[in-house]
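Hello,

Here is the structure for your review. My notes follow below it.

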Amino acid sequence: MRRNHRTTLIARTLAATAVIAVAVGCSPQSSKADAAAPATPGSPSPSASASATPSASTFTDDKPAGSPAPTASATTAAKPAPKVLMSNGAKGSQVKELQARLAQIGWFDDTPTGTYGAATTAAVKGFQGRRGLAETGATDSVTWDRLLAMTTKPTAEELAGQAVNKPAAKLDPRCMTGRVMCISKTSRTLSWVVNGKVQSTMDVRFGSQYTPTREGVFKVFEKSRNHVSTIYHTAMPYAMFFSGGQAVHYSSDFAARGYNGASHGCVNVRDKGKIAALFDAVHIGDKVVVYW
């Protein structure tokens, strides 16, 4: 009787061990190990065996679990590259229009010349990078269509570099109530909005990719008319702090060099008259919205 009982216990233990082994074999860790192991000739590939029991890490956010795997033809078919319309060295009226349109959204500060040089290449590259396009610096059909959708046909004054007609920035819904410095990274403008009505608008510049300006909803917690940075020892006139050391303030460098430079995370304004008036209008506790 004891021998039968011992035999039964051994059998149950072996069965439980087999179940645990199967469970471990289905874990993500085991799947990674299988993927790293080289397949022997004639044996099924690790990816083929893994497809029968996909793990959660197999799927992306826009593809729910249980979706059929793409066929080989779908994954290998390459999309044709967009047609390049203009690039470095090009000249003509279309290049001048490109420059004037880039000026409307703050990517080109020089007078349109009709010559596609280093400044235009850098402006196009920056425009592409901000919109998730390939940063080639050449204006292809996709880049051109995106720019056309964001700008208006340049006037004679804009083509001559005598004026820049910026499209009105689309206000974020969070800017529609109360007193708000509404700061758009897309149009690179700051709009002072009171109860949904724009009181003034000015050009702004942001931090670089290494010192980005934070996005979100904040409040002005300190104002300093003649502030000097304790870290960089540079002047920050009319500073209005909204997130740690990040503030809206006047920048003489922005006034001199335009978008060729960047801040250390602050929101730079280049029009001294406008930022001075804004400084007087803004109160401690007023809202700041930074958005794309």
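Is S191 buried or exposed? S191 is buried, at a relative accessible area of 3%. (Buried means under 20% relative accessible area, exposed over 50%, partly exposed in between, with a 1.4 Å probe and protein chains only.)

This is a predicted model: local features need pLDDT of at least 70, side-chain atom pairs count only at pLDDT 80 or more, and totals for chains, interfaces and linings use all residues. Residues are numbered from 1 along each chain as its sequence is written, and side-chain values use heavy atoms, without hydrogens and water.

S191 sits in strand β4 (residues 189-194). Strands (E, at least two residues) and helices (H or I, at least four) are DSSP runs, numbered from the N terminus. The S191 side chain makes a polar contact of 3.3 Å with that of T201. A polar contact is a pair of N or O atoms within 3.5 Å; within protein, one must be able to donate a hydrogen and the other to accept it, and residues adjacent in sequence count only if both atoms are side-chain atoms.

S224 belongs to strand β7 (residues 222-228). S224 is buried too, at 17%. Its side chain pairs with that of H227 in a polar contact of 3.2 Å.

Now helix α7 (residues 141-150): T143, W144 and L147 are buried there. Seen down the axis, the buried residues of α7 fall within an arc of 95° (directions from the helix axis to the C-beta atoms), so they line one face of the helix. D140 caps the N-terminal end of α7, with a side-chain oxygen 3.1 Å from the backbone nitrogen of V142.

Best regards
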